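Please open the structure in the viewer and keep the selection tool at hand.

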Amino acid sequence: MSLQNEKQSCAVCGAYLFPEDDVVYCPECGAPHHRECYNSVGHCALEHLHGTEKEYKKIEITKNEEEKEQTSAPLGNESKVCPFCKKEIENDARVCPYCGRPNMSGAFFTFDLSGGVKDVEAVAENVTAGDVKPLVAVNTQRYLPKFLNFFKGKKYSWNWLAFLLPQGWFFSRKMYKAGALVTAIILAFEICAFPINSVLNQNIFKDYTEVALFLTNYFNECIATGNYLPLVFAFISTFGPFLVRIFSGIYGDKIYYNHIISRVKERGESDLMDEEYYHKYGGVSLFAFMLGVIAMNYLPSLIFMLMQSF
């Protein structure tokens, strides 16, 4: 079980073997394996090399030689430093033998949560990316580059979620005032459709073709009698919410940028601890998101039903 394993790797997974590891050795060639790895294949992983010139041979390295190698190994094409555990490993290793992170084609695969923006870079006056990151918390790789562009003078960007679900997105990012304002505006546009809906509810239709025919005749009659108010209401209720979505998609990120910067500057006036402050004002609230989606989908219908009951 515990033999001297320095500089030996498991024949299956390639990870370095340490004295505390449960190691088994091939009875024929002596190749070391983690016991779990050996059991997974059921035999020596180098069985196909037995009896050949490439058969496994244990390489003995003295302590002095190992120390010399560790201090003199160059950081070039043959070795590199793992960006996670900061230990030196072979450049062509499949995984880091110390922390187990994958090494893709000789280069570690990493995911930059800052989107290429350094924590010390300014995203506003006296505000750095490191200051806003705890408040953004989620999807920082998307928002930090946009914040940097806004600070450099860009006026707008595009946000699909803010376009498709404006109330849900504003509420989820804890911009409650902006979310309430957007909800109120869209609701006002939706209320403009109530007169048309009342007329439709007084009739029974078999399919949408009959609805379209009825509305065509209804609007033609309004034009003939000079009553343009139903047309205006229908136009506002149809295109008003869509325009709000377009505005939210274009300027949502900029509004969020201003919101986060103001929260960072207000941090010094708050008595809350950092963790409490970031939890209260930063990150994403799924509950608030669902509340905004429910308000968008059901509040107009609920108000219409209440108005019909009186």
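Between which two strands is the place of Asn-126? Select Asn-126 to begin: this residue belongs to the loop that runs between strand E7 (122-124) and strand E8 (127-128). The model on display is a predicted one. In it, Asn-126 has a phi near 60°, which is positive although the residue is not glycine. Most residues other than glycine have a negative phi. Asn-126 counts as exposed, because its relative accessibility is 77% and the cut-off for that class is over 50%.

Next, select residues 129-136, which form helix H3, together with residues 140-151, which form helix H4. The axes of H3 and H4 are 10 Å apart, and the two helices pack at an angle of about 140°. H3 and H4 are therefore oblique to each other. The crossing in which H3 passes H4 is right-handed. To see the contact, show the side chains of Ala-129, Val-132, Lys-133 and Val-136 on H3, and those of Thr-140, Tyr-143, Leu-144 and Phe-147 on H4. Sorted by class, this contact of H3 with H4 comprises 6 nonpolar, 1 polar and 1 charged residues.

Now select Ala-137, in the loop between H3 and H4. Ala-137 also has a positive phi, near 65°, in a residue other than glycine. Is Ala-137 buried, partly exposed or exposed? With a relative accessible area of 45%, Ala-137 is partly exposed.

On the H3 side, select Asp-131, Val-132, Leu-135 and Val-136; on the H10 side, they meet Tyr-256, Ile-260, Ile-261, Arg-263 and Val-264. The contact of H3 with H10 has 7 nonpolar and 2 charged residues, and no polar ones.

Finally, colour the model by pLDDT. The mean for the protein is 81, and 82% of its residues reach 70 or more. Then select residues 71-77, over which pLDDT stays under 50. For this stretch, the model has 7 contacts beyond four places in sequence. Where pLDDT is low, the predicted coordinates should not be read in detail.

Methods: Residues are numbered from 1 along each chain as its sequence is written. This is a predicted model: local features need pLDDT of at least 70, side-chain atom pairs count only at pLDDT 80 or more; totals for chains, interfaces and linings use all residues. Side-chain values use heavy atoms; hydrogens and water are left out. Axes are lines fitted to C-alpha atoms, for helices over the stretch in contact, and angles run from 0 to 180 degrees between N-to-C directions. Helices (H or I, at least four residues) and strands (E, at least two) are DSSP runs, numbered from the N terminus. Angles under 35 degrees count as roughly parallel, over 145 as roughly antiparallel, 65 to 115 as roughly perpendicular and the rest as oblique. A crossing is left-handed if the near helix is turned anticlockwise from the far one by less than a right angle, and right-handed if clockwise. Contact means heavy atoms within 4.5 Å. Ala, Val, Leu, Ile, Met, Phe, Trp, Tyr, Cys and Pro count as nonpolar, Asp, Glu, Lys and Arg as charged, and the others, Gly among them, as polar. pLDDT is the predictor's confidence in each residue, from 0 to 100. Buried means under 20% relative accessible area, exposed over 50%, partly exposed in between (1.4 Å probe, protein chains only).
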